[in-house]
Amino acid sequence: MKIGKEFNIFLFSIKLLLKRKSSYYIFLILMVLVFFIASASFITASIKKELILTHEELPDIVIQRVIGGRQQYIPMDYIDKIVSIPGIKSILPRVWGYYYFDYSGVNFSIVGIDPLEPFYKKSLEENIKHIKTDDLIKRDDWMILGNGVRRLFSEIGYVDYAYFKKPNGEYIKLRRFDYLTQESAIFTNDIILISQNTARKLLGMDDDYVSDIVVNVYNKNEVVTIAAKIRDILKDARTVTKKDVLNSYQNVFNYKLGFFITLFGVLIFTMMVIVIDKLGGLSETEKLEIGVLKATGWTTSDVLRLKFYESSFLVLQAFIIGVLLAVIYVYILKAPIMMNIFSGYASLKTEYQLIFAVDFKTLFLIFIAIVPFYIAAIIIPTYRIATLDTYEVFK
Amino acid sequence: MNFIAPEQVVIYFIDFLFLFYGLYALKTAYQMIIHFDFHSSSALQYSLEKKNILVSNIITFFIVLNIPAFFFFLYFIDSLAPTVPGAMCAVGVLNSTPYGGYLVILKVINLFLLGYWFLINRFDLKTYGFIYTRMKYWFLIFIIVMLFFEIILEVNLFDSISPTKIVSCCGSVFGGEPKFFNNLFLDLKDSWSVLIFLLVFIAMLISYIFKKLKFYGVLSIIFLVVAIYSLIDFFSTYIYELPTHRCPFCILQKEYHYIGYLLYFLLLTGSFMGSSVFVLNKIIDYPTGLKWSKISIYLSTFYLLVVFFYVISYYFRTGRWLSG
């Protein structure tokens with residue numbers, strides 16, 4: 001019986017709500033807010049998911065040589081020193097570095113590969129599976145381009161050949177051999193694969209030197225110990241484990257989302273001001289409504305409940321529709337403009353796949369970032385409405 | 001200000017709401033204590049009676065917001081575990097700073113206090129002449145101060161979480177090393193905690209049967225403390241099926257079917273209803289007290305059955321007890 005009465009108040013509240021124009025404005029504002037915060041959270045969630053999916057491939061330990069805070073090239077004989085540490089599965093030297101392309105002001109990652117040696121990264125191996133290694137062995141002046149580089153080169157007419165500057169000012173001409181496939185563009189977008197000899201020339205590296213050394217271990221629980229042993233043997237080496245890399249990635253994206261939410265904190269308060277303003281300036285019809293209700297025997301707490309139902313109905317509707325719109329925007333339209341904030345700042349922007357990642361936690365975060373503030377904004381206006389005097393209204 | 005994750009911004013926003021409305025409630029409480037006089041018919045008295053409604057709305061809002069905010073906080077701390085080296089669940093993160101343990105306890109206390117205030121207020125509005133109003137507002141001032149303390153602790157906690165310091169995970173915190181959580185409770189070993197837990201429960205049952213409601217209320221507060229201690233010391237090992245894993249937070253995780261949320265809900269609600277019989281014994285009438293203690297004893301019994309279910313089902317499946 002009591003539930004029946006509550007339900008009737010609820011239905012009545014919706015009827016009143018639909019009659020009023022201001023409720024549509026408030027609904028629109030709330031919906032837009034939910035939409036923005038939800039889109040930002042969805043993008044972060046799916047990028048994080050993609051990172052976690054791809055991080056399986058990262059090497060367990062990367063050994064760098066750091067002197068005076070600057071990374072140096074590592075002599076090859078460092079490998080012989082650590083090869084006897086038990087538990088190591090493989091040690092692979094890497095020849096790679098950044099090449100500053102001053103025409104467009106971007107950095108490419110130049111990766112030197114030896115077609116006969118195994119790859120340190122499985123996805124890259126998958127990527128060049130379709131390329132015949134025989135052709136690569138015969139000559140030295142080939143290059144394989146990642147997707148971002150491909151697009152940039154085709155804009156400036158580097159279709160079949162490209163010129164690169166060596167540290168001593170001489171140019172070398174490389175022939176385009178093939179492209180990398182589109183998958184997992186997050187890591188291969190700015191990559192140029194070239195032969196190890198050419199890479200050494202471009203990076204100004206002597207023949208028995210490498211950029212860094214990648215170590216994989218059998219037992220993942222031993223990573224920290226083995227890293228410590230390596231640091232013990234190689235005095236000037238720094239080790240970076242898989243977990244360090246993943247944490248720093250996560251922190252970067254958390255930081256970006258946090259920046260976003262802080263910005264929208266400002267918007268939330270703007271919304272609060274608008275809502276208070278809208279509800280505070282009671283219209284004559286609204287006053288009359290309350291007056292009639294009170295004159296027909298409604299108590300203050302009944303009116304309070306009426307108003308509470310109104311606003312919770314409003315905010316829940318806005319929440320649901322905003323989240324649905326955000327799902328469509330992010331996962332179907334692939335987040336056209338907002339994505340630029342999350343991908344890099346250089347003109348070689350990474351393209352993410354945006355894996356579907358909507359979970360309860362994300363929704364809870366959006367919910368708790370919006371709903372309490374709306375409810376908080378309506379407490380005082382609601383109270384002012386509910387405590388109106390019948391006498392004053394009809395005067 | 002140390003910035004860790006976006007959830008933290010949301011928590012700060014919520015804290016700001018508490019701060020804002022807390023200050024407003026403080027101002028109203030001051031006016032109430034100074035000026036409230038039921039027999040006066042001045043305009044001031046009239047507006048104060050209206051404000052009474054407003055403040056009770058604000059506190060209701062606080063409660064409704066505080067419960068999800070509490071779980072949001074726990075989830076957030078839990079999700080920080082991968083970024084703090086060594087931490088595997090919320091305990092590691094909380095323990096990495098000196099404030100963590102106190103903050104969680106303070107949050108539970110504040111939830112209880114807000115709930116008591118809500119109940120007192122409900123009875124006060126029903127009485128002729130609002131006889132508890134002054135007392136109610138003194139109590140409110142106390143609650144708001146406690147809430148402010150909570151916010152200060154929370155800001156300090158987030159400021160001192162460091163992603164570079166190595167902390168202990170729950171296994172070593174509760175496994176016998178002298179750490180904060182161990183200092184806080186009595187250092188009981190083996191199954192003594194279960195025995196005391198059962199004794200307190202039996203005492204509760206007896207006092208409920210003989211309708212000693214005041215005594216029952218005191219016992220249910222003791223029951224909460226003892227139950228949490230025995231949960232850490234004994235029952236959690238059966239939930240994890242690992243004799244060395246003692247932790248009150250890992251049961252909130254997915255691997256254990258989120259059973260922790262059910263357990264804490266039963267335990268907290270049960271002991272809240274029970275203890276309010278004691279706290280409000282001057283205000284409530286006998287049938288209400290009886291009703292509350294009935295709800296409380298049901299919830300506590302249900303809690304007891306759930307935790308013992310784990311122990312007994314383990315025994316039936318493996319034919320042995322865990323002894324750690």
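Strand E6 (residues 142-145) of chain A pairs with strand E8 (residues 171-179) of chain A. The two strands run parallel and are joined by four bridges. One of the links can be named: Trp142(A) has Arg175(A) in E8(A) as its bridge partner. This is a predicted model.

E6(A) also pairs with strand E9 (residues 191-195) of chain A. Here the sense is antiparallel, and three bridges hold the pairing. Leu145(A) takes part, with Ile192(A) in E9(A) as its bridge partner.

What covers the faces of E6(A), and are its residues buried or exposed? Both faces are covered. Trp142(A) and Ile144(A) lie on one side, and Met143(A) and Leu145(A) lie on the other. All four of these residues are buried.

**Salt bridges**

A search of the whole structure finds 13 salt bridges over all chains. The table gives three of them, with the distance between the closest N and O atoms for the chain A pairs and the N to O distance for the chain B pair.

| Pair | N to O distance |
|---|---|
| Lys235(A) and Asp232(A) | 4.0 Å |
| Asp302(A) and Arg305(A) | 3.3 Å |
| Lys107(B) and Glu150(B) | 3.2 Å |

Take Lys235(A) and Asp232(A) to begin with. Both residues of this pair are exposed.

Asp302(A) and Arg305(A) sit in helix H12 of chain A. They are three residues apart, which is about one turn of the helix. Their surroundings can be read from their accessible areas. Asp302(A) has a relative accessible area of 11%, so it is buried. Arg305(A) has 25%, so it counts as partly exposed. The cut-off used here is simple: buried means under 20%.

Now turn to chain B. The side chains of Lys107(B) and Glu150(B) meet in a salt bridge. Why does this pair tie together parts that are 43 residues apart in sequence? Because Lys107(B) lies in helix H4 (residues 100-126) of chain B, while Glu150(B) lies in helix H5 (residues 133-160) of chain B. Lys107(B) has a relative accessibility of 7%, so it is buried. Glu150(B) is buried as well, because its relative accessible area is 4%.

Salt bridges can also link up into a network. Asp60(A), Lys220(A) and Lys242(A) are linked in this way.

**Where the chains meet**

How many residues of chain A are in contact with chain B? There are 29, and they touch 27 residues of chain B. The area buried between the two chains is about 2600 Å². Carbon and sulfur atoms give 78% of that area. In chain A, Ile368(A), Ile379(A) and Tyr383(A) lose the most area to chain B. Together they account for 22% of what that side buries. Across this interface, the rule finds zero salt bridges.

**A nonpolar patch**

Which residues make the nonpolar surface patch of about 630 Å²? They are Ile320(A), Ile321(A), Leu324(A), Leu325(A), Ile328(A), Ile332(A) and Leu333(A). One of them, Ile321(A), is found in helix H12 (residues 300-332) of chain A. That is the helix in which Asp302(A) and Arg305(A) both lie. Ile321(A) has a relative accessibility of 32%, so it counts as partly exposed. A patch is made of residues with over 30% relative accessible area, and Ile321(A) has 32%.

How values were computed. Residues numbered from 1 in each chain as written. Chains lettered and ligands numbered in written order. Predicted model: local features only at pLDDT ≥ 70, side-chain atom pairs only at ≥ 80, totals over all residues. Heavy atoms only, no water. Patch = residues over 30% accessible without salt bridge, like charges linked within 9 Å, V, L, I, M, F, W, Y side chains within 5 Å. Areas by Shrake-Rupley, 256 points an atom, 1.4 Å probe, with all protein chains shown as cover. Buried < 20%, exposed > 50% of the residue type's maximum accessible area, 1.4 Å probe, protein only. Pairing = 2+ DSSP bridges. Contact = heavy atoms within 4.5 Å. Buried area = accessible area lost by both parts, 1.4 Å probe.
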